[in-house]
Amino acid sequence: MTITARLAFLALPLATMMAANAGHTETTLETVRERDRLICGASQGTPGFGAPDDNGYWRGLDVETCRAVAVAVLDDKDAVDFVPLSGQQRIPALQTGEIDILPRTLTWTVQRDANGIDFTTPNYYEFTGFMMPKSLGIEKVEDMAGATVCVQTGSTTEIVVNDVSAKHQLDLQPVVFDNTSAARQAFFSGRCDALITDAGALASVRASMADRPDDYVIFPATEYVDALTPAVRHGDNQWADIVRWSIQTLIAAEAFGITQGNVDEMLNSDDPRIRRFLGTDPGNGTALGLSDDFAYRIVKALGNYGEVFERNVGMGSPLKLDRGYNALFNQGGLMFPLAFQ
Amino acid sequence: MFDTLWYSRKLRVWVAQIALMGSLAALIWWIGGNTAQNLTERGIRTGLDFLSRPARFPISETILHYSPEDSFLWAFIVGLANTLWLSALTILLATVLGLALALARLSAHPMLSRLAAGYVTVFRNIPLIVQLLFFYGVATSVFPPPREAWTPLPGIYLTLRGAYAPDLFLSSSGSWLLAAIALALILTLRIAWRWPTGKALLPLPARLCAAVALWLGASIAIWHLAGRPVRLEFPELNGLNFRGGQHLSPEFCAIILGLTLYTAAFVGEVIRGGVQAVSKGQWEGGRSLGLSERQIMFRIILPQALRIIIPPMTSQYLSTVKNTTLAVAVGYPELGLVVNTVINQTGQALESILIMLGVFLTISLSVSALMNWLNARVALVER
Amino acid sequence: MQSTVMTSPHLRRKSPLVLRIAKAFFGDLLGACLTLLSVGILLALVPAFKWAFIDAHWYVATPQGCFSGGACWAFIGSKLRLILFGLYPPEEQWRAALVVGVILIMVLLTAWPRLWGARLLALWAVGIALMLVLMAGGIAGLPPVPTSKWGGLPVTLLLATLSLGMAFPFAVILALARRGSLPIARAIAIFLIEIVRGLPLVGLLFVAAILLPLFLPADWTIDKLGRTLAALTIFAAAYLAEVVRGGLQGLPSGQIEAAQALGIPYWKTVWHIVLPQAIQKVIPPLTNTAIVMVKNTSLVLIVGVFDMLSAARSAATDPAWPAPSKEAYLFVAAIYLVICYGISLYSRHLEAGINARNRS
């Protein structure tokens, strides 16, 4: 090989890289359509919210949020790959395009919103809670003095532990883990007196990991409620809109009384709002860059928010959570539909 | 050696090398450009100003004082201090255990040498992280909860939240006194040792015993006269957990035990290799001088083996420092875990990871440099 | 002197076994102490042995059967699929098992010195392509399986073999550059090798898992497994380069000068003359690096890649079983021990062969 050939050999990959760099950046919608798969960040296994079942099929409230977007964009609720991510990886993974959506397990905070990700619309409202064995006889934060708390890094709960401890002068002793399952296992082995995370996740942990779920009590750590919100990366507004309105579709469908069972009848509804919603009167879908019947397809494939909730975390599931904050606004909850027009 | 093979014309060689340099620079430029573009496009915060903001997250155990009001920079330093503490302790313990292992493997005793060989085989061939997770599993499943703590000795409690022991509290005058007493011991022994043989009433061993007895009596007397400026603080079960006293967390126990047992297997092999590399003639020479096997080992072989051992031992010690990063897996807050947490809290992964890499690179390169210098010194002494 | 040399083996053969044992174990005070020490160590291991074997549950009807007594090996039995193959779809599991088989066959073939050469390299290329096709599917009627569902032993073995295999060419180039006298090339090689060797693998894995996507253009995506593999490859390359350099150092320069005098081009010299000899000299450290890399694959757990260890850890979280993490990790440890000890035995066998040849 001559020197020139050798040089060319070296330069070639570089030149290709440069050329690739010059190409225009695709929008997320284009990328997802081209790939024909949606890639979702998932938790490392929180049954009810997001975990693979025995056959490796992902189930849960957050998982179905992703499936709703997949139905809207690709018309296939199974065209989703779930990538389990640890706490410290999930935000970089979203920022750098490894995943298209990060559904929940993410509290909407100003620090996060201002730093490379955009929040869409909350799909779950929750307080941060402590779980403790009933045998310790503690059922409120003020009594927790000196307790050891298992904390999983990569969450807002680290700061909650600190705030609560300072506020009530509890001298809580945190034990920090980088991995969700390690923190949970440490709690059940007795390493800690308490486990802190979102109350919904605690209910999931209690239902799925406790030997006798009734032996554990969950109580709020603060008087505040967090909005857990699927996020997308910063800077692609069209994609953020698609995700936001796909989630809104689930909530609006419940408000309109549209279910998986009656959605076909509802197509013949005379209510102009419902007609616009389901795409019988066109306009909404195309405005987003989707087909006009996207809401119909989502409800047909997954049902409305109430159905998704009941199936995954509600009374029809091992978690047995009541709707609480997540009931519709007209039933005392915080969920309300935006206007589909 | 190989340049003679390369095209003889120097110009071409230089052109090729400059091209190589250029492509490396281009690659770095390209990566930098991508990163800058990605950061701005995605609105990711950059810069190091977060370092001075309060960290607000807890760190479960620290060597240096830390409270969540401290800055992110201090959190990094606290993590680094934990890393160094872990490394130093592991290196010390593993060297002692490794030396014992090497001696056991080299001994003529059939049972002991086989036990040591078995130990080395098992611990070298299982990944460290598996061992750590196993020990952590043991630490949190074999021991009882705090209310049913095991007490092998009064004041010592073993629970699945770790081990508790009484803490020694010294007032400032107490620590001065303790230092003075230690100094007095050295002086007494020195005087007894150096006492002119002609003038001595007693033979050396008896003289030493007498000196120690004298020192002990005087110390106890002074101690009482000074009002016993030390107290023991016993751990007590208070509410949910033990309070007070010294506490070793299960995370710390698992990581220190795992790192020590693993590193000792390698250290033992390095020492054994060094000893075996010393030529057989040295043993024979020692024997012909009428030295005992033990004398030959400690006076002749080990000092020579030390020179052979230094380079591989350095790299063992350096890998120990690097291996402490595995503490992430069991939740001991060394630098890696702190970096993890900081990434979560600030989202500034780039800066945090680069800080971590920079710290480790600095440690590795400066220790290598130091050891190279030391090695050169030791080699010079060789005749 | 002569007579003692002659008679001592004879005498030793004559002395009764009991006496010889007594002499070995209680010959002098030190020997007796050491014997007591050894017996003490063995006695200390008895409870562990009892836990692991005598009191152990090898088969239980329900997980409740494990709540008392010793080790619960029945747990391993019921979670074997998860630990060995992770989340790989059960109906496609034969593919993952086949991949493990292919790797084993390739490794056995590689262990046979007669096959060493270009053909073996070609075989590896084919084998790796075959394994990736089997794992990923998507062609030849195999349903596609995304890498996020790969897991367990195949991932561990693939990471180890692929990282070593891909690192090797880089290692050779780096080693040649570092040994050569081209100043810039040497400086670059030293810079790259020392930087990588100065960093903990966990740090490199963080870079791969979190930062690498930032370094690449926005529309390039490499999945996490691929990025992890890249980090392992870079790590292995730096360590292998130092091993290969050790081999190059021991090479007599006359060989290369002769090749040059014959007008053999550089790369041919390297390929046919330098490398075969250099590598033969460093087989023990090479296999040692292989062991290190097999062990290092377990670190991918920290960045959330679902290898065998991660799979075991997640299997151990099943609440139906009584805290079986010790058993899960012991099982994984045993698999690693078999693999790594196997490699080191093989290395010793080769070394003995080389020594024997050198002596004759």
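Let me open with a question: is Lys320(A) buried, partly exposed or exposed? Lys320(A) is partly exposed, because 14 other C-beta atoms lie within 10 Å. For the cut-offs, a residue is buried with 20 or more other C-beta atoms within 10 Å of its own, exposed with 12 or fewer, and partly exposed in between, with C-beta atoms placed from the backbone.

A word on what you are looking at. This is a predicted model, in which local features need pLDDT of at least 70 and side-chain atom pairs count only at pLDDT 80 or more, while totals for chains, interfaces and linings use all residues. Residues are numbered from 1 along each chain as its sequence is written, and chains are lettered from A and ligands numbered from 1 in the order in which they are written.

Back to Lys320(A). This lysine sits in the segment after helix H14 (305-312) of chain A. Helices (H or I, at least four residues) and strands (E, at least two) are DSSP runs, numbered from the N terminus. Lys320(A) is not a glycine, yet has a positive phi of about 50°. Most residues other than glycine have a negative phi. Asp171(A) is another non-glycine residue with a positive phi, again about 50°. You will find Asp171(A) in the loop between H6 and S9 of chain A, and with 14 other C-beta atoms within 10 Å it is partly exposed.

Now compare Ala147(A), in the loop between strand S7 (128-133) and strand S8 (148-152) of chain A. Why does Ala147(A) count as buried? Because 23 other C-beta atoms lie within 10 Å of Ala147(A). Setting aside neighbours within four places in sequence, Ala147(A) is in contact with Leu172(A), Asp193(A), Ala194(A) and Leu240(B). Contact here requires C-beta atoms, placed from the backbone, to lie within 7 Å.

Stepping back to chain A as a whole, we have 14 helices and 13 strands. The C-alpha trace spans about 75 × 70 × 40 Å along its principal axes, and 54% of the 341 residues are buried. Of the contacts in chain A with a separation of 6 or more, 72% join residues 24 or more positions apart.

Chain A touches chain B through 42 residues, which meet 42 residues of chain B. Several elements give two or more residues to that side of chain A, including helix H4 (87-95) and strand S9 (173-177). Helix H1 of chain A has the largest share, with eight residues. By type, this side has 20 nonpolar, 15 polar and seven charged residues. In that count, Ala, Val, Leu, Ile, Met, Phe, Trp, Tyr, Cys and Pro are nonpolar, Asp, Glu, Lys and Arg are charged, and the others, Gly among them, are polar.

On to chain B. An automatic or database assignment divides chain B into domain 1 (72-166 + 243-378) and domain 2 (171-227), and the C-alpha centres of these domains are 35 Å apart. Helix H8 (residues 280-288) of chain B lies largely in the open, because zero of its nine residues are buried. Just after that helix, Gly290(B) takes a positive phi of about 85°. An unreviewed UniProt entry marks transmembrane regions in chain B, among them 116-138 and 353-374. Such annotations may be inferred rather than shown by experiment, and the positions follow the numbering used here. Residues 353-374 of chain B are 100% helix, with end C-alpha atoms 31 Å apart, and residues 116-138 of chain B are 87% helix, with ends 23 Å apart.

Last, chain C, which has 15 helices and zero strands. Of its residues, 41% are buried. The unreviewed UniProt entry lists transmembrane regions here too, including 94-113, a span that is 85% helix in the model.

Finally, the contact with chain B: 55 residues of chain C meet 49 of chain B. Helix H15 of chain C gives the most to that side, with eleven residues, and the side divides into 37 nonpolar, 13 polar and five charged residues. Thanks, everyone!

Conventions: Contact = placed C-beta atoms within 7 Å.
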